[in-house]
Amino acid sequence: MAAFEELVRRHQHGLFSYLYRMCRNSSDAEELAQAAMVRAWEKLAGFRGASSFKTWLYRIGTNLCFNLRTRRKPTEELFETMAAPDSARPEQAFQQKVREEVVQRALARLPADQRAALVLSVYQDMSYREIAETMGKSVRAVDSLLFRAKTNVRKALAQDRAKGII
Amino acid sequence: MNCGQVKRLLPPFLDGELSGRARDNIASHLASCPACRADLEALKADIDLLEQAGTPEVTSFLVTRVMAEIRERGRPVPHGFARLVGSLAAALVVAVSIGAGVFFGSGLAQASTPVAANSTEEVVSYVESSTTGMYSMMSGGD
């Protein structure tokens, strides 16, 4: 059990960060991260090693997140933005907060599968093969998802740039 | 390669997912096409913006809550995992013993700290790096 606890420590930040980007609020992200790790423990005997432990764990988290979205009505979704960090330079802190909100909005407009692929690529630095293992898709499908995700994000960011927000 | 083809391949090109001829063809096209170079720079700027947006820190209690829930559920250590840990520990002891025998036998021995053959760190590293090996060991243990 000590070994599994160490695995939890190693992956908690990355998994939470991924799930935060997916569900857009930290409360849900923590609940899902906890649920994913507990389920990973329960299923560990069945882990066949066909993928890495990380992609296998993240796949559990992805499925839990998708199931939560399916169960939850759209009006129940929470969309929080991070509090601006304490800073001796308030203008810099304000700009960071604006960037965070712009990014959250852009990601929120993506379909869930495009968002998952993009977040895994940009924030988890996964290869297309690792993303494919995590999402249970082919590499070709991941390539298509990422192309569409980046195209859609570009459109969203272009609108904010046109308004002078960023 | 025309601009339409190149634009479609800019994301995997930027992600380092292309190799060989495809990568070289795109690089060659970019060297002579300002429009596609501008597209590539715009894509980089978008990704940079995404990367700059941070995420909140996970609570320091997550590990505690996970392990508490596992213990509360009262499940025994999964049979396969217990066997795996035992097998890994045994394998590491053997490997270290063989290595130590070669090391000392070669006359190159220097003062060093004894290796903890079955430490948590080594088990975790083995699990994370050796997926095929882990499967083989689990299968062989049945």
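Two residues are in contact if their C-beta atoms, placed from the backbone, lie within 7 Å. Keep that rule at hand for the exercises below.

This is a predicted model, in which local features need pLDDT of at least 70 and side-chain atom pairs count only at pLDDT 80 or more, while totals for chains, interfaces and linings use all residues. Residues are numbered from 1 along each chain as its sequence is written, and chains are lettered from A, with ligands numbered from 1, in the order in which they are written.

**Exercise 1. Describe how H1(A) packs on H2(A).**

Step 1. Helix H1 (residues 2–23) and helix H2 (residues 26–43) of chain A pack at an angle of about 140 degrees, with their axes 8 Å apart. Axes are lines fitted to C-alpha atoms, for helices over the stretch in contact, and angles run from 0 to 180 degrees between N-to-C directions.

Step 2. That angle makes H1(A) oblique to H2(A). Under 35 degrees counts as roughly parallel, over 145 as roughly antiparallel, 65 to 115 as roughly perpendicular, and the rest as oblique.

Step 3. Look at who takes part: the contact includes Phe4(A), Val8(A) and Leu15(A) of H1(A), and Ala33(A), Met37(A) and Trp41(A) of H2(A).

Step 4. Sorted by class, the contact of H1(A) with H2(A) has 13 nonpolar, two polar and two charged residues. Here Ala, Val, Leu, Ile, Met, Phe, Trp, Tyr, Cys and Pro count as nonpolar, Asp, Glu, Lys and Arg as charged, and the others, Gly among them, as polar.

**Exercise 2. Characterise the side of chain A that touches chain B.**

Step 1. How many residues of chain A are in contact with chain B? There are 43 residues of chain A, in contact with 40 residues of chain B.

Step 2. Two or more residues each come from H1, H2, helix H4 (90–108), helix H5 (112–122) and helix H7 (139–162) of chain A.

Step 3. H1(A) gives the most to this side, with 13 residues.

Step 4. By class, the side of chain A that touches chain B has 22 nonpolar, nine polar and twelve charged residues.

**Exercise 3. Relate the two domains of chain A.**

Step 1. An automatic or database domain assignment is the origin of the bounds; for chain A, the assignment gives domain 1 (1–80) and domain 2 (85–166).

Step 2. The C-alpha centres of domain 1 and domain 2 of chain A lie 19 Å apart.

Step 3. Their contact takes 14 residues from domain 1 of chain A and 15 residues from domain 2 of chain A.

Step 4. On the domain 1 side, H3(A) gives the most, with six residues.

Methods
Helix = DSSP H or I, 4+ residues; strand = E, 2+ residues; numbered from the N terminus.
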